[in-house]
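Take a look at the structure below. Turn it slowly, then read on.

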Amino acid sequence: MSLTQRTTSIRLRFRDNDGAESICQCNLASSVSAASAASFLSAWAPLVQALSDAAIVSAEVVIHWTDPARPPAGAGSDVLRQGTFLLDTASSDIGAARVPAISDDFILATGPYAGIGIDTALADVVSLITALTDGIDGTEPCDPFADDFVSINAAYIEQF
Amino acid sequence: MPPLIFPEPPETPTCTLLLVPNELVPIVGALFGRLERRAEWLTDSDYQSGYKAFTQLEAQLMNSCLTDLIQEIRDARGVLPDFVSTPIEERTSDMYSSLQLVRQEVFDTRGTLVDGWFTDTIATTADVVRAARGSDSDTGATIWSDISDLLSTGAELASIVGFITNLLTSQEETVVEGGLGIAQIALLASIAGILQTMGLTQSLHTEALIAILNALRGPTAVEDNIIVALRGTTPANEFRNVATLLGEEETE
């Protein structure tokens, strides 16, 4: 895996009076910092809104990285078969994180959840959960509402 | 499908128990997982409430609640002795006790005896208390009267032992067999009887000893006793001394 940064996307999400949504997107060079991209978004959004009858309901700054080599995927891998990690948050709610095409190597082989549950005692799984709950180098993940993950609640396969 | 509005909870929240077969957990979980997306909800507030509600439901899918409930019930029933070593995951329902068995076990602990006071009678707690007392309301007075007689008349050891023997081996309904309290009291009575006999004997011995001493000593000290009678009226001197005479005999 070798990721290379490419252009940064600025996305404005519009919603019409039927509830349908669409995105207005423009790109910035990869050399533009995240702070500059956010500043651009703030100035750009009213310019686009002025031309539209729909309403802007959200905006995104997406910094892209990509692997140009496109390495091959494992045999039988299925991105819709996802390892779902449900984590207790600091506000006593539950947040979710998912790993597409979770490997069978990490699925429980015995017990009532054989073939469904993820073995949270395996070293690689423990490493992932630790990164989710304790963060990496002082940066901690959270749920969509800025509540920190504090511990694993459940982990199993979800088939989308 | 138009964006969803998160419903207001009722004043009295209630739940629906939904049993999801384990093999469907991945699919049902994914259905819930779709509702974690912002686009599924009308407002940010709806999204936040919906996200939190459905991640909770996703977590509940792995709570194994039904299995836990079954195990709790089995723990309450208790595993049968023959299956203690069987791994829990391999046990079946018939390897656990039942309320009927527990009831029968309690019933069996009451027990019956082939003879005596409990013959063909299922003992109750009251029966056990009566046995500990050694009497019941009808027969107690007679037994206490017998003991009282033994104590007041200074009964001989043989009669007390006989009383105890009769008491412990009686098979009559009117006498409580094996009464611990009665046995203890009877033993005390026997000890009292023995002590009384010992006192009488000691008294007789004391009288005899006094008579012997009086005979040896005589009615008046020094001048009139058996020693003086044996010695005669002549006092001992250097030539008439029993110890000296005995010593001379030895030297010869």
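In chain B, 52% of the contacts with a separation of 6 or more join residues 24 or more positions apart. Two residues are in contact if their C-beta atoms, placed from the backbone, lie within 7 Å. This is a predicted model, in which local features need pLDDT of at least 70, side-chain atom pairs count only at pLDDT 80 or more, and totals for chains, interfaces and linings use all residues. Residues are numbered from 1 along each chain as its sequence is written, while chains are lettered from A and ligands numbered from 1 in the order in which they are written.

Stay with chain B. It has 10 helices and 0 strands. Helices (H or I, at least four residues) and strands (E, at least two) are DSSP runs, numbered from the N terminus. Of its 252 residues, 14% are buried, meaning that 20 or more other C-beta atoms lie within 10 Å of the residue's own, with C-beta atoms placed from the backbone.

Now move to chain A. Strand 4 (residues 81-89) and strand 5 (residues 94-100) of chain A run antiparallel, joined by 7 bridges. Strands pair if DSSP finds at least two bridges between them. A:L86 stands opposite A:A96 in strand 5. The two strands form a hairpin with 4 residues between them. In the turn, A:S92 has a positive phi of about 65 degrees.

Where do the chains meet? 21 residues of chain A are in contact with 21 residues of chain B. On the chain A side, strand 4, strand 5 and strand 6 (149-159) each supply at least two residues. Strand 6 of chain A gives the largest share, 6 residues.

Notes
A residue is buried if 20 or more other C-beta atoms lie within 10 Å of its own, exposed if 12 or fewer, and partly exposed in between; C-beta atoms are placed from the backbone.
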